[in-house]
Amino acid sequence: MTRKLRVGVIGAGIAERHLTGFGWNSDLFEVPVLCSLDADRGKPLCEEHNIPEYTQDADSLFARDDLDIIDIAAPPDSHFELCRKAIESGKHVICEKPLFGSIAEVDEMARILARSNGRKLMPIFQYRYGSGLQKLKLLIERGLAGKPFLTTIETHWWRGPDYYAVPWRGKWATELGGGLLGHAIHAHDMLNYVHGPCAEVFSYGATLVNPIEVEDTAALSVKMKNGSLATLSMTLGSRKEISRLRFCFSDLVAESILEPYTMGRDPWTFIAGTEEHQARIDAALADYEETEDGYTRQFELFHKAIIDDRDPPVTLQDARNSLELVTAAYSSQRTGQPTPMPITAEHPLYRSWLPEEGRRLAAGV
Ligand SMILES: NC(=O)c1ccc[n+]([C@@H]2O[C@H](COP(=O)([O-])OP(=O)(O)OC[C@H]3O[C@@H](n4cnc5c(N)ncnc54)[C@H](O)[C@@H]3O)[C@@H](O)[C@H]2O)c1
């Protein structure tokens, strides 16, 4: 019989979608407790999802010995400390994007995990599990895509003043970054998911749409380690919201749908160069087995990883790749130069990409 894992959830915003994901996997997970600072949102969520206990004290979750997993859906500036306490209290962890506020924190977490007696941390990248993107992964795995040439990714969304009325948003200290970190991170993760790590980035960034501290528009040129190139664009000022991904390989072009928040899902188009190769691609796609997507699928795979004692479906290295891209883009925007990757301890933004903090740490003050 499959062991049900017990989850303590932290947060009452996007956490609602996590609860739905756990609900769809009710044979794999149960949620005995939810913690948030805002009882007016947390308590109704508990009622809605039949969660018996509500608390405002996250430390009380870490002190319990009847929880297997802490699921963190609190704002970004709290992620590192909550993750550290959860791992050090012997729990596995799920944590929302953006995972942490620096590459240094990612590397510190790798050291914490190494001495944690097998605890697992899974960053959230639930958009990966869209059926269109999964089909592209299948075609690549079967050797049907050929040599990678070029990827273009557009994240053109709209965020108005209401969105930035929430106090932690729009500020370096609490949101930790702008649209590159908070919004395009999902689509940009798909670049790394398909092609592996980036090798170098050049970027412009600007704050054009809302009166906020962080960037809301950016353009990036990227060299991938596998030799292919990519251009990425992000704005939170697009009155028509779209996300679009286009992957050009020697034997295949894959195009996403334009739905801004479900661009990973079917129907993607997969076009080959010849009729014979199209037939091979169509035959491979006919073998694709439908699964759940989004949080539901990512949680299901995490359960399997824990039971089988394997790496989680999204790893700390995946989060490092995505945060390296952000760090390199900010570095390029500030220096006016391309930024080579990986970002290592010697890089001035390794310990923080925040404008002031980064300058202070780089100067050793
Ligand atoms: N994966 C996605 O598609 C997606 C979508 C939206 C948000 N997010 C991410 O999820 C995280 C939360 O975003 P949100 O929109 O839900 O924010 P929110 O402000 O709506 O909700 C945050 C919740 O965390 C609680 N909280 C904050 N600090 C806490 C603490 N120390 N202990 C206990 N509870 C605490 C608050 O009370 C609140 O209920 C952010 O990192 C955000 O980037 C991810």
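There are eleven aromatic pairs by the rule used here, which takes the rings of Phe, Tyr and Trp (its six-membered ring) and pairs them if their centres lie within 6.5 Å; planes under 30 degrees apart count as stacked, over 60 as edge-to-face and the rest as tilted.

Before the examples, a note on the source. This is a predicted model, in which local features need pLDDT of at least 70 and side-chain atom pairs count only at pLDDT 80 or more, while totals for chains, interfaces and linings use all residues. Residues are numbered from 1 along each chain as its sequence is written, and side-chain values use heavy atoms, with hydrogens and water left out.

Take Trp 172 and Tyr 330, an edge-to-face pair with 5.3 Å from centre to centre and 75 degrees between the planes. Trp 172 belongs to helix α7 (residues 172-175) and Tyr 330 to helix α12, so the pair ties together parts 158 residues apart in sequence. Helices (H or I, at least four residues) and strands (E, at least two) are DSSP runs, numbered from the N terminus. Trp 172 counts as buried at 14% relative accessibility, and Tyr 330 counts as buried at 1%. Buried means under 20% relative accessible area, exposed over 50%, and partly exposed in between, with a 1.4 Å probe and protein chains only.

Another pair is Phe 202 with Tyr 204: the ring centres are 5.1 Å apart and the planes at 85 degrees, so this pair is edge-to-face. Phe 202 is partly exposed at 24%, and Tyr 204 is exposed at 58%. Ring pairs also link Phe 22, Phe 29, Tyr 295 and Phe 299 into a cluster.

Is Ser 332 buried or exposed? Ser 332 is buried, with a relative accessible area of 1%. Neighbours within four places in sequence aside, the contacts of Ser 332 (heavy atoms within 4.5 Å) are Val 201, Phe 202, Ser 203, Gln 337, Pro 338 and Thr 339.

Now to helix α2. Its buried residues include Gly 42, Leu 45 and Cys 46. Down the axis of α2, the buried residues fall within an arc of 100 degrees, so they line one face of the helix; the arc is that of the directions from the helix axis to the C-beta atoms. On the other side of α2, Asp 40, Glu 47 and Glu 48 are exposed. The cover over the buried residues of α2 includes α1 (15-24), β2 and β3.
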